[in-house]
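Biologist: Please pick one part of this model and take a close look at it with me. I would like to know how it sits in its surroundings.

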Amino acid sequence: MSRRPAAVAASVLAVLALGTVSACSSTSSAASGSADGTPTVKLMAGGLDKQIYLPYQLAQQLGYYKKYGVNVQLSTEQDGGVGAEDAMASGQVDMAGAWYNHTIEFQAKGKAVEDVVQLSGAPGEREMCTKKSGVHSGADFKGKTVGVTDLGSGTDTLTQFLAAKKGIKTSQFHRIGVGAGSTAIAALQNGKVDCVMTTQPTVAAIQKKGVGTSAIDLATTSGATAAMGGAYPAASVLARTDWVNSHKATVQKVVDALVATMHWINTHSAAGIANKLPASYVSNQLVTKADYISALTEDKGQFLPDGLMPAGGPKTSLATEKLVGNVKSSVDLSKTFTNDFAIQANKTEGFKTTTTPAGPNG
């Protein structure tokens, strides 16, 4: 089963969960709409409170879903529960706020899922390690215990990739699931792991507590390119291809709202963004608002300004999947993503695009 890239910290789930997902089919939920004919879309994200996934909730806060004529019901996956991409693939929700690489994994398993708008060009993750670990790259994983969100997750794939790129086999180090937030921090504090791959705001909390430092930067497009050999498309919106084909007008509305959000992010400061998000996202037991803003300022470079899949991104993702052994069959990258909706969204609003879009071959 394809697993989510990161789990929400258990300590803040009660505050952050925006509703449970019903078991009704995605087709019926989108087709029913409201009394005024506005289509309804159910979108589950892999952690709405995480900075890597902030565009989904920010679009809601800005009123962009309503502006572009779609009612988006957001939910966040639960720790230990079904992953957002799996909930989408099984029809529990219409769309998933998850990493692009899942489309490749789904195709390898015979399932048609595509990325309809790309929000980031980097995983937004950092390898946080204790000072005594001596880890500076994947080459140093040998003999170490490394924490990931959970086994089979996106962070697990990236961890294996960083090791394999330096010639280290998975049998030469130990990987364990430590979740995110308070559980990931505790794993470092208690010496359960030497390193943990995690994202903001957990990164900021680890740094503030002094229990770990950033050893490998996958949080920005430039950092991902240096560590992985190219931009790594992560946060996106995924949907089953059959659902996309039968709901193109609705998909366009969702993409319009998110593309507008990405331009808003690109033209506003981290403080301005934080001020628009729910208070519980930016100030909680893990971080203060000042910490959150500082972290977002540092890692804001992960976000793409126009929602376009960047050239080379799909190829980098496929190479990662193959190197760690997740995908062994041939993959048609042209069926894993589309820039059509994002191109139209930018054209409709007259936005200037700066991302070089990927062609059919990635």
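Modeller: Happy to! The model is a predicted one, with pLDDT of at least 70 needed for local features and 80 or more for side-chain atom pairs, while totals for chains, interfaces and linings use all residues. Numbering starts from 1 along each chain as its sequence is written, and side-chain values rest on heavy atoms, without hydrogens or water.

The helix covers residues 54–61, and six of its eight residues are buried, so helix α3 is mostly covered. Helices here are DSSP runs of H or I with at least four residues, strands are E runs of at least two, and both are numbered from the N terminus. After α3 comes Gly63, which has a positive phi, near 80°.

Leu258 has a relative accessible area of 0%, so it counts as buried. Along the sequence, Leu258 is 200 residues from Leu58, yet their C-alpha atoms are 9.0 Å apart in space. Leaving out residues up to four places away in sequence, Leu258 touches Pro55, Tyr56 and Ala59, along with Tyr65, Val117, Leu119 and Val237; contact means heavy atoms within 4.5 Å.

Another enclosed element is worth a look, strand β8 (residues 195–199). Five of its five residues are buried, so the rest of the structure largely encloses β8. Cys195, Met197 and Thr199 point one way from β8, while Val196 and Thr198 point the other way. Strand β5 (residues 125–129) runs antiparallel to β8 and is joined to it by five bridges, with Glu127 of β5 partnering Met197. Strand β6 (residues 145–148) runs parallel to β8, with two bridges between them, and Gly147 stands opposite Val196. Strands count as paired if DSSP finds at least two bridges between them.

Stepping back, the protein has 17 helices and 10 strands. Of its 362 residues, 59% are buried. Among contacts with a separation of 6 or more, 81% are between residues 24 or more positions apart.

Note on methods
Buried means under 20% relative accessible area, exposed over 50%, partly exposed in between (1.4 Å probe, protein chains only).
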